[in-house]
4 protein chains.
Amino acid sequence: MSTFGTAFRVTTYGESHCKSVGCIIDGVPPGLALSEADIQTQLTRRRPGQSKLTTPRDEKDRVTIQSGCEFGHTLGTPICLTVQNQDQRPHDYSETDLYPRPSHADWTYLQKYGVKASSGGGRSSARETIGRVAAGAVAEKYLAEAHGIEIVAFVSSVGAIGMDAFDGDDAALQALLGRITRAEVDATPVRCPDAAASERMQAEILACSEAKNSTGGTVTCVVRNVPAGLGEPCFDKLEARLAHAMLSIPATKGFEVGSGFRGTQLRGSEHNDAFVRDGRGGLRTASNHSGGIQGGISNGEHIYFRVAFKPPATISQDQRTATYAGEDGTLAARGRHDPCVVPRAVPIVEAMAALVVMDALLVQNGRSATRALLKPVPAELKGIKPI
Amino acid sequence: MSTFGTAFRVTTYGESHCKSVGCIIDGVPPGLALSEADIQTQLTRRRPGQSKLTTPRDEKDRVTIQSGCEFGHTLGTPICLTVQNQDQRPHDYSETDLYPRPSHADWTYLQKYGVKASSGGGRSSARETIGRVAAGAVAEKYLAEAHGIEIVAFVSSVGAIGMDAFDGDDAALQALLGRITRAEVDATPVRCPDAAASERMQAEILACSEAKNSTGGTVTCVVRNVPAGLGEPCFDKLEARLAHAMLSIPATKGFEVGSGFRGTQLRGSEHNDAFVRDGRGGLRTASNHSGGIQGGISNGEHIYFRVAFKPPATISQDQRTATYAGEDGTLAARGRHDPCVVPRAVPIVEAMAALVVMDALLVQNGRSATRALLKPVPAELKGIKPI
Amino acid sequence: MSTFGTAFRVTTYGESHCKSVGCIIDGVPPGLALSEADIQTQLTRRRPGQSKLTTPRDEKDRVTIQSGCEFGHTLGTPICLTVQNQDQRPHDYSETDLYPRPSHADWTYLQKYGVKASSGGGRSSARETIGRVAAGAVAEKYLAEAHGIEIVAFVSSVGAIGMDAFDGDDAALQALLGRITRAEVDATPVRCPDAAASERMQAEILACSEAKNSTGGTVTCVVRNVPAGLGEPCFDKLEARLAHAMLSIPATKGFEVGSGFRGTQLRGSEHNDAFVRDGRGGLRTASNHSGGIQGGISNGEHIYFRVAFKPPATISQDQRTATYAGEDGTLAARGRHDPCVVPRAVPIVEAMAALVVMDALLVQNGRSATRALLKPVPAELKGIKPI
Amino acid sequence: MSTFGTAFRVTTYGESHCKSVGCIIDGVPPGLALSEADIQTQLTRRRPGQSKLTTPRDEKDRVTIQSGCEFGHTLGTPICLTVQNQDQRPHDYSETDLYPRPSHADWTYLQKYGVKASSGGGRSSARETIGRVAAGAVAEKYLAEAHGIEIVAFVSSVGAIGMDAFDGDDAALQALLGRITRAEVDATPVRCPDAAASERMQAEILACSEAKNSTGGTVTCVVRNVPAGLGEPCFDKLEARLAHAMLSIPATKGFEVGSGFRGTQLRGSEHNDAFVRDGRGGLRTASNHSGGIQGGISNGEHIYFRVAFKPPATISQDQRTATYAGEDGTLAARGRHDPCVVPRAVPIVEAMAALVVMDALLVQNGRSATRALLKPVPAELKGIKPI
């Protein structure tokens, strides 16, 4: 449905041609300093028309806090965030209404709901992600202030063009994940922090655009400074919630955490992350194939994962396909469309990561605080062999 | 937490050294013929000791239906399924209790819960999956009887050894997905339906075992005959729930649906699945890069996806690591362990897929049946342009 | 939290002094004819200033459908409904800010959230109920169209003044429950369908108002034409969900269904509702002490229940109490306040009843439709003894 | 469905004639000392055959902890608790299978599920409550150890016979609520702490038993030492969750908290609970008409409420009713049945109260601990007027 999370719960609403889009966030900690500017930054990064690489429609997308704040702080009550739609009328019939767009949601939405929204795919519209990004910004505000958590996503590939850092050099990748900032990511329009690769990616996207075609890509995301202990086995392991979150973003086809698919080719002796002293009286791991999660629970290392985005289904070239009525024909798409979604997907991936971590944090904090009032446990349960 | 699903809900319990493991399934349709034998088949496929490729411990794992059935049929009330543990006592201290196993859950469970189960990783034990497999068998029974749904998973790679079918020949892959059966899968101990690859995989696993090491792999799964319309946008898109389900299985590191990561390298014109007549008055797609899901909703084509499993963390060779107390040392693991989990993971992947589809089906059936009592909608909403 | 329901889910937001109040409704069946006028009727019945019995502030409360509808019909996607607040600024400090109002939510909200909204009780404001009433109107629209379900609530007592119909004459009560309409209820400003009692209630409310005091009362509600089979044992029995719903309305202190507290004084032989033929080949009950629910499941008879509302905490006379800082003093409340909430509570009770029934209907429809595809069960399970 | 709670979640299973009944508890704080004896006490208080006032079947009902504990302490993982059924076979056909029992769940279960369990009402059986009582005992163990919370329920009326303490003397009632213990409650078989009333109640129950009839009654419950701040507005107000919990117990017809229905007859000036200093630097209320809850949130005073139980539907005298097939006839019930459920309902009410408070505590602890890391809020939000 339209709600994500358990303790920090986001419910989104809105499609392309209705009055507004947005969300209600329930479970926000009270007393958090929050203004519309805190939220607008990520919405602006998400919106189309930022560069020649993305669709030129300027959606504006100004957010309004409807509730849950006073004097610039959260009250702990639900926060409703809204963004007006510019084009609010159900659109007129056009030739394209005859055809369900191939690999788009038009046909399945009609199968599921039995009605056809004028936008075709209803909530599969990219505008649905506005509510997510707005909610994610609120979660991020808390995570940064309370724990210094940093979430940075970036484009790691466009079509077949990848970053050099990902060519098997794990040390280089880990170094990048440890230091990368949003400012670096935004330094190029394609949002890839590898300047050389970024140039090639940009050329590829423009080539697709000129060919009235589209291309896919991947987004990599790192979450730094997450406390150990987050994630709820067995079904709500942290990676399971992250996978759920990422595959709920339109156009995604895959998710991998830590060593991911590549790690399946390693042997255990290579893959295992040995423990070493962390210099603060505890442990950390020498390597990070685990991607910051062991047994579904954060271990305090950087959490990192990669998300696959398919090439956008809506392309401007003619496509042979069939009408709703089953007649063969050629769909000639009109309008300008994103030839590649990954640059704009960056803040969406960050937002969903923030929602997952924030929710896990609230639940674990409830457990820890509740547990803190109990008497100490016997030595057998303390995890330290008595000598 | 330990519950999965909304309308068809499974709650599992149990760890390695407690009295039993199992689950409660809530929301099972009443009137379904169900016996313990229906459930045992998949549990037997899951259990260790099936071949020289897996751990030789014979866990037996006989399931008992505690409730929710009479006269061989479900009552619609919760079904509790239990399997006794053979080794029920918290184990004695050993040298390994000094060390959190690298890349295992020992250390994070202790961080999260503040207590250390004698099994170390608590619910991260593979025995936790018994409840899932048992519950999945119940879902499968319904899906097969009511819709002819077939769910077949198989090992698609072990370490660097993949199936020929996956070497870029999409037509061959699709043909395999359309016809493969569990009998074919079980024809080799490694559960890979490609005989030549299976031989090489088997050799690789034995080599790992001899080297006191372990290896990863991937499992591919197809779900056939799923009706169009399943999946709940936006956050519970069918692929999002599948990703969640799969990443909740121990040792998983990645998930991809349809064209997956490889599809990110295609252009839209190649990737889009054109519509064609299905011969029954409706539409289907000519290709299936979508993996049977568009916009988060099943489109009636085969749903297929691939899951990455890391090499098992517990290996029999010595590992340099640190103790809980932060002292450097060498962990010498003992006992026999699975050098590769993917053969046994096959029924677990099938079970989780069944749970996701069953849940989505109940929710969509509720919508459809509820909607059926309303008057017809205006022409503008019917998705067919009036001419 | 702020979400109610499982399959038909309402999430509300907003407090007294924020920009707007409203809700997101998820799970609305697609294809339902719906306009703002359908929703406005109940909002108008809820709003203050309708008569001299209620607070004279005219809040207007015009609802806007933000999403989820096109061409006057629902799309099956989330429907966001909003109502602008007239007074949107956090109010200025006044003497009353020194004191937590006795029996109001000011003090507990501060204890819970650690911040004090300028409205004091935050979401305990009566304005929070706007989202509920709006959502309930959508549910009612479906229930009426698809099943002819009628939901009518009315004031059954004000202070010590009750309706004659409730003086132990069960037959008269049942007759009333079977025929009463909203038009009859709205015939008097106090919304009591007993003309004589209504006069006395009105006088009592005015007396309270003149005495700068307040009074409590009860609202009785009947739901007619509910199909048998709704309600989800064991924890979501229909009466349990109704009780939850009603006690979530501000100022409520009690709930009873069917014979309620009075029925505890009967013997089983008097209380049991014998079965008789219903004239359509099935069964119904000769009496209805059960209130239309047996074992947590609707039996097809009228569902009826009664809700207790305490006297409003905010009164205009001086009260001896203590400041937040713990100093004894006298709180002199200002402004005009409702001396009795029950007339305005009528549409709120109806709305919450609609939400409960709608949610239960969707879940049961999912079960029934899912079950319908299975083979017939053995005779032993059919509930009819083979002869 | 069969799950109750959000952070502390209980899922129950089992009916009269299956192998066992019990529950899985998820979200138990780790490190809590817990043994089967801790749980057995309340199960023993619940079980039948305790005195001549209750049914003489001796169900034994020994609980087994299946999982989630080691070395006498909880691990934080799910705890499965089971109790074997003595009579595990679906029973034989008898004359009573022709008739749905009036006011029992036989008929509605058949309407809902379309199958008839041999026990008739399926999960409406009193044995279903075993899982609740067992889970409640675990919650109580924590609440007592961590917060000194005491939960005591008692029989406040049987048929028309009430306790003197409830005859309008609120001071006497409050005094009783402040001091009553389970030992006092169990001093008489009827579990009413008013010796004189208890005698009359006992006589009434025996009279019912001899007349092959049954009678209703009420149970009152107090929860002492609950911290302020529990309860989740708006839909999960503490009283709403309590009402839900209580009305989910079989045979309940009503719930009232604090002043309840009687309080609707008071004026605001009488009903309001003025604040006074609590002697520890904070506030408390001088009276407690609120029943320890304001605005849906606990205020630190005693929480008390009353639950109505109807007369048991199964009576041993003949009843005129109709068969499933719609033929008029006389149902002659057989066997021994409880003439009055309230004495045995006492531990069930306590258990459900414990589940509600425990769940609310975990959620509020999560909020408080999460909030504690934020910077202080501005003076305007601190709830204290700056002077």
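Biologist: How many bridges join strand β2 of chain D to strand β3 of chain D, and do the two run parallel or antiparallel?

Modeller: Please note that this is a predicted model. In general, strands of a sheet pair through backbone hydrogen bonds, in either a parallel or an antiparallel manner. Here, β2 (residues 9-13) and β3 (residues 20-26) of chain D are antiparallel and are joined by five bridges. Within this pair, R9(D) stands opposite D26(D) of β3(D).

Biologist: In what order do the strands of this open sheet of chain D lie?

Modeller: The five strands follow the order β1-β2-β3-β7-β4 in chain D, and their pairing is antiparallel. At the edges stand β1 (3-4) and β4 (63-65) of chain D; each has a single partner strand, so one side of each has no neighbour in the sheet.

Biologist: Which strands of chain D does helix α1 of chain D lie across?

Modeller: Helix α1(D), residues 36-46, lies across β4 and β7 (79-84) of chain D, and runs at about 150 degrees to β4(D). Helix α3(D) also packs on the sheet, where it touches β2, β3, β4 and β7 of chain D. The direction of α3(D) makes about 35 degrees with that of β3(D).

Biologist: Let us turn to a helix in another chain. Which residues of helix α4 of chain B are buried?

Modeller: To read burial, one counts the C-beta atoms around a residue: with 20 or more others within 10 Å, the residue is buried. In α4(B), residues 170-179, the buried residues include L173(B), L176(B) and L177(B). These three lie on the same side of α4(B), because they cover an arc of only 100 degrees around the axis. The buried residues of α4(B) pack against β10 (217-224) and β16 (303-309) of chain B. On the face turned away from the buried side are the exposed residues A171(B), A175(B) and R179(B).

Biologist: Finally, how many residues does the contact take from chain D and from chain A?

Modeller: The contact takes 26 residues from chain D and 26 residues from chain A. On the chain D side, the elements that give two or more residues are α3 (129-147) and α10 (342-371). Of the elements there, α10(D) gives the most, with 10 residues. By class, this side of chain D has 15 nonpolar, six polar and five charged residues.

Biologist: What joins strand β11 of chain C to strand β11 of chain D?

Modeller: Three bridges join these two strands, residues 252-257 in each chain, and the strands run antiparallel. One residue there, G254(C), has E256(D) as its bridge partner in β11(D). In the contact between these chains, 103 residues of chain C meet 102 residues of chain D.

How values were computed. Residues are numbered from 1 along each chain as its sequence is written. Chains are lettered from A and ligands numbered from 1 in the order in which they are written. This is a predicted model: local features need pLDDT of at least 70, side-chain atom pairs count only at pLDDT 80 or more; totals for chains, interfaces and linings use all residues. Two residues are in contact if their C-beta atoms, placed from the backbone, lie within 7 Å. Two strands pair if DSSP finds at least two bridges between them. Helices (H or I, at least four residues) and strands (E, at least two) are DSSP runs, numbered from the N terminus. Ala, Val, Leu, Ile, Met, Phe, Trp, Tyr, Cys and Pro count as nonpolar, Asp, Glu, Lys and Arg as charged, and the others, Gly among them, as polar. Axes are lines fitted to C-alpha atoms, for helices over the stretch in contact, and angles run from 0 to 180 degrees between N-to-C directions. A residue is buried if 20 or more other C-beta atoms lie within 10 Å of its own, exposed if 12 or fewer, and partly exposed in between; C-beta atoms are placed from the backbone. The arc is that of the directions from the helix axis to the C-beta atoms.
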